[in-house]
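Dear colleague,

I am passing on the structure below, together with notes on what was found in it. Please read the notes with the model open beside you.

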Amino acid sequence: MYEVVAHVSNRYPAANLSAIGWSLGANILVRYLGRLQESHSCLLSGAISLCNPFNLVISDEDFHKGFNNVYDRALANSLRKIFKKHALLFEDMEGEFNISLVANAKTVREYGLTRVSFGFKSVDDYYSNSSNSDSITNVCTPLLCIQVSSF
């Protein structure tokens, strides 16, 4: 995230930059904002977080309850379709990566490509170390969080 924001800022130095993230992208955005050091000031003037899971461990547990099962399977199906179009790019990937498992994942947890991309040993390791629930308290950039409420 640092590199992307710096690149856009360097390319358009007079621009007033903002960012928006949805779901896992919102988690990554808020974590980025909360982990900025004073010496590495934010180049964003504001940000919007939509449907942020905040705590990936709890979100994973909720994914297996009620109607969320349908969403979990639908999202996994969509991820599989995207992956299958680009599977050749991952053939030489080292480590604990199983193309067959990803290509046949029935749930987001089974998909696991995100944890591999970020270098985590397991899905649980990724979920517990990538949540933004701790770093959000350190966000200094104006941030609007929009969540869906269930009744």
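Phenylalanine 54 counts as partly exposed because its relative accessible area is 23%, where buried means under 20%, exposed over 50% and partly exposed in between, with a 1.4 Å probe and protein chains only as cover. Phenylalanine 54 sits in the loop between strand S2 (46-50) and helix H3, helices (H or I, at least four residues) and strands (E, at least two) being DSSP runs numbered from the N terminus. Its phi is near 55°, a positive value in a residue other than glycine. Serine 23 also has a positive phi, of about 60°, although it is not a glycine. Most residues other than glycine have a negative phi. Serine 23 belongs to the loop between strand S1 (18-22) and H2, and at 22% relative accessibility it counts as partly exposed.

Before you go further, please note that this is a predicted model, in which local features need pLDDT of at least 70 and side-chain atom pairs count only at pLDDT 80 or more, while totals for chains, interfaces and linings use all residues. Residues are numbered from 1 along each chain as its sequence is written, and side-chain values use heavy atoms, with hydrogens and water left out.

On a 1 Å grid over the protein atoms alone, a pocket is an open set of points where a 1.4 Å probe fits, with protein on both sides within 12 Å along at least five of seven lines, and lining residues have an atom within 4 Å of a point. The largest pocket holds about 1,100 Å³ of space, a volume being the space filled by probe spheres set on the points, which are joined across faces, edges and corners. It is lined by 33 residues, of which Ser23, Pro53, Ser59, Phe63 and Tyr71 are the closest to its centre. Helix H3 (56-62) gives the most to this lining, with five residues, and among the other helices that each supply at least two are helix H2 (24-35) and helix H4 (68-86). The second largest pocket holds about 280 Å³, and of its 13 lining residues Ile28, Arg31, Arg35, Phe118 and Ser130 are the closest to the centre. The largest share of that lining, six residues, comes from H2.

Methionine 1 is partly exposed at 34%.

What remains is the charged pairs. The whole structure has three salt bridges, each a side-chain nitrogen of Lys or Arg within 4 Å of a carboxyl oxygen of Asp or Glu. In one of them, arginine 109 meets aspartate 60 at 2.9 Å, N to O; arginine 109 lies in helix H6 and aspartate 60 in helix H3, so the pair ties together parts that are 49 residues apart in sequence. Aspartate 60 is buried at 8% relative accessibility, whereas arginine 109 is partly exposed at 27%. Arginine 109 also forms a salt bridge with aspartate 124, with the closest N and O atoms 2.6 Å apart.

With best wishes
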